[in-house]
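Here is a chain to work through by question and answer. Look at the sequence and the coordinates before reading on.

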Amino acid sequence: MPEETESDIHTTSHGAIIPIESKDIRRMVAGQVIFDLASSVKELVDNAIDSGAKSITIRLFNQGIDVIEVSDDGSGVPVESRPLLAVKHATSKITSFEELSLDSYKNGQMQAKTLGFRGEALFFLGEY
């Protein structure tokens, strides 16, 4: 797949998946996203929690070798975002590196707005 350029980046409605700009990708360390079955499931569960899910079901077929299925009652992926669902560095959670520093502080502790943001988990899982 060709590398996206800044001209490929566009803004869509809240919750829509969009590619992260190249300048921001370089500023994020994301090389350790998926190593094994546990981290694969964790990334998918993080996505479900970020979508507002109150109920999450995890099913592994052939101990996760054939299929890892995570279903939930979260907000889902907007129809217009589905073509970008497993595109590397595309996410609905942030639009720039600066948003990572906009997380709030609560009781002296930094509170993240999202459990994940790199836009690599679904891409990686789709590749393997």
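Q: Which residues of α2 are buried?
A: The model is predicted, so local features need pLDDT of at least 70 and side-chain atom pairs count only at pLDDT 80 or more, while totals for chains, interfaces and linings use all residues. Residues are numbered from 1 along each chain as its sequence is written, and side-chain values use heavy atoms, with hydrogens and water left out. Buried means under 20% relative accessible area, exposed over 50%, partly exposed in between (1.4 Å probe, protein chains only). In α2 the buried residues are Ser 39, Ser 40, Val 41, Glu 43, Leu 44, Val 45, Asp 46 and Ala 48.

Q: What covers the buried residues of α2?
A: Contact here means heavy atoms within 4.5 Å. Helices (H or I, at least four residues) and strands (E, at least two) are DSSP runs, numbered from the N terminus. The cover of the buried α2 residues includes β2, β3 and α3 (121-127).

Q: How many Å does α2 reach from its first C-alpha to its last?
A: The expected span of a helix is 1.5 Å times one less than its number of residues. α2 has 14 residues, and 20 Å is expected. Its reach is close to that, at 20 Å.

Q: Which residue caps the N-terminal end of α2?
A: A polar contact is a pair of N or O atoms within 3.5 Å; within protein, one must be able to donate a hydrogen and the other to accept it, and residues adjacent in sequence count only if both atoms are side-chain atoms. At this end of α2, a side-chain oxygen lies 3.2 Å from the backbone nitrogen of Ala 38. That oxygen belongs to Asp 36.

Q: Which residue just after α2 takes a positive phi?
A: Look just past the helix. The phi there is about 90°. The residue is Gly 52.

Q: Which residue forms a salt bridge with Lys 42?
A: A salt bridge is a side-chain nitrogen of Lys or Arg within 4 Å of a carboxyl oxygen of Asp or Glu. The closest N and O atoms of this pair are 2.4 Å apart. Lys 42 is partly exposed at 44% relative accessible area. Its partner is Asp 46.

Q: Which residue meets Arg 59 in a salt bridge?
A: Side chains of opposite charge can pair when their charged atoms come close. Here the N to O distance is 3.4 Å. The partner of Arg 59 is Glu 69.

Q: Which strands hold Arg 59 and Glu 69?
A: Both residues are partly exposed: Arg 59 at 41% relative accessibility and Glu 69 at 30%. The pair ties together parts ten residues apart in sequence, because Arg 59 lies in β2 and Glu 69 in β3.

Q: Which element supplies the largest share of the nonpolar patch?
A: Patches are made of residues with over 30% relative accessible area and no salt bridge: like charges are joined within 9 Å, nonpolar side chains (Val, Leu, Ile, Met, Phe, Trp, Tyr) within 5 Å. Leu 37, Ile 49, Ile 56, Ile 58, Leu 60 and Leu 115 make a patch of about 470 Å². α2 (37-50) and β2 (56-61) each supply at least two of its residues. The largest share, three residues, comes from β2.

Q: Is Ile 58 buried, partly exposed or exposed?
A: Ile 58 lies in strand β2. Its relative accessible area is 43%. That makes Ile 58 partly exposed.

Q: Where is Gln 63 found?
A: Gln 63 is not a glycine, yet its phi is positive, about 55°. It is exposed, with 67% relative accessible area. Gln 63 sits in the loop between β2 and β3.

Q: What is the accessible surface of the chain?
A: Accessible areas come from the Shrake-Rupley method with a 1.4 Å probe; for residues, only the protein chains shown count as cover. Carbon and sulfur atoms hold 54% of the chain's surface. The total comes to about 8,500 Å².
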